[in-house]
Amino acid sequence: MKIVHAFDDVRSVSDGRVGLVPTMGFLHEGHLSLIEAAKSQNETVVVSVFVNPLQFNEDSDLDEYPRDLDRDALLCETAGADVVFAPDVSHMYPSKQRATVTVGCVAEGMEGAHRPGHFAGVATVVAKLLAGVRPDNAYFGRKDAQQLAVVTTMARDLAFPTRISGLTTVRESDGLALASRNVRLDPDLRGSALKLSEALFDAADAFEAGHRAAESLVHIAMDRLVVGRDLQVDYVEVARAEDAGPIATIDTESFLALAARVGGVRLIDNVHLDPDTGIADRGNRLSGPSILYGGS
Ligand code: AMP
């Protein structure tokens, strides 16, 4: 496996179909599931590791974002990646970034409303990665369901030839969605954080029992979220999977998403709801502790 820092080097070591897994590093099993999917469908798997300053709206969040390239490279190699692309900020943004990508209403609700400029930062960096790496396939997690809608819309509307895939959420054994930020939760905060997935699972049960009114699912989830000093909810909402637009009655693929601050850590999670099958995708749980905590 090669570690490279420039787009030219990524392309010169790529061969056959290229699968790209964009990440911000500090990898966990959620990222590894994307690498495995890429491996099964491409000759070359490129994992980008770049903490993108453009998509952070709080300096403290950017500063405290966990980073460990040696650890990430080892995990990528074990998972079968061929290339780790770890550019410096000065390579991704050599001069002031004047051209940015916005994706209209897909980016306006939920995360977009609470994190102004966030999705322009995401869409811009993903556009640069697609243009610079030129992958055949790119893999994203449904854990960031609105981001997946933003990226899919951008790639389609701007005619990027890359096929975008969205994969199910990987969870810790207790149900908490894996996120690099989880390492910042102390045991007390972790107890509060667990309420998020429990709230979503309550609503998922109701969906599978036949509830289709978005408002009623939101209420069911809210009932579990006892807001206190440790837990401040930003939103609980249902949106269409395709464009993250609002929906009152779930008659097309949708997701119930929430975001909350747990202590100083902002977490997001969702369950995917498919009215055709009547199934709520709650993601996959690990059977033991995550590699985030030093295990293997
Ligand atoms: P990040 O490093 O958080 O920017 O995430 C990189 C990619 O991994 C994104 O496409 C995320 O949606 C995906 N991802 C993050 N957490 C998970 C998870 N728990 N399960 C599946 N995919 C995930």
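Into which domains is the protein chain divided? The chain is divided into domain 1 (2-167) and domain 2 (180-293), with bounds that come from an automatic or database domain assignment. The model is a predicted one, in which local features need pLDDT of at least 70 and side-chain atom pairs count only at pLDDT 80 or more, while totals for chains, interfaces and linings use all residues. Residues are numbered from 1 along each chain as its sequence is written, and side-chain values use heavy atoms, with hydrogens and water left out.

The C-alpha centres of the two domains lie 23 Å apart, and 28 residues of domain 1 are in contact (heavy atoms within 4.5 Å) with 27 residues of domain 2. The size of an interface is often given as the accessible area lost when the parts come together. Here domain 1 and domain 2 bury about 2,300 Å² between them, 51% of it on carbon and sulfur atoms, where buried area is the accessible area (1.4 Å probe) that two parts lose on being put together, summed over both. On the side of domain 1, the residues that lose the most area to domain 2 are Glu-29, Met-110 and Arg-142, which together account for 28% of what that side buries.

Helix α7 (residues 118-133) packs with helix α8 (residues 145-157) at an angle of about 50°, their axes being 10 Å apart. Helices (H or I, at least four residues) and strands (E, at least two) are DSSP runs, numbered from the N terminus, and axes are lines fitted to C-alpha atoms, for helices over the stretch in contact, with angles from 0 to 180 degrees between N-to-C directions. The contact involves Phe-119, Val-122, Ala-123, Val-126, Ala-127 and Leu-130 from α7, and Gln-146, Gln-147, Val-150, Val-151 and Met-154 from α8.

A second pair is formed by helix α9 (residues 187-208) and helix α10 (residues 214-224), which pack at an angle of about 145° with their axes 8 Å apart. In this pair, Lys-195, Glu-198, Ala-199, Asp-202, Ala-203, Ala-206 and Phe-207 of α9 meet Leu-217, Ile-220, Ala-221 and Arg-224 of α10.

Strand β10 (residues 265-274) contains Ile-268, whose C-alpha atom is separated by 8.4 Å from that of Ala-177, 91 residues away along the chain. Apart from its neighbours within four places in sequence, Ile-268 is in contact with Glu-111, Lys-143, Asp-144, Tyr-235, Leu-258 and Ala-259.
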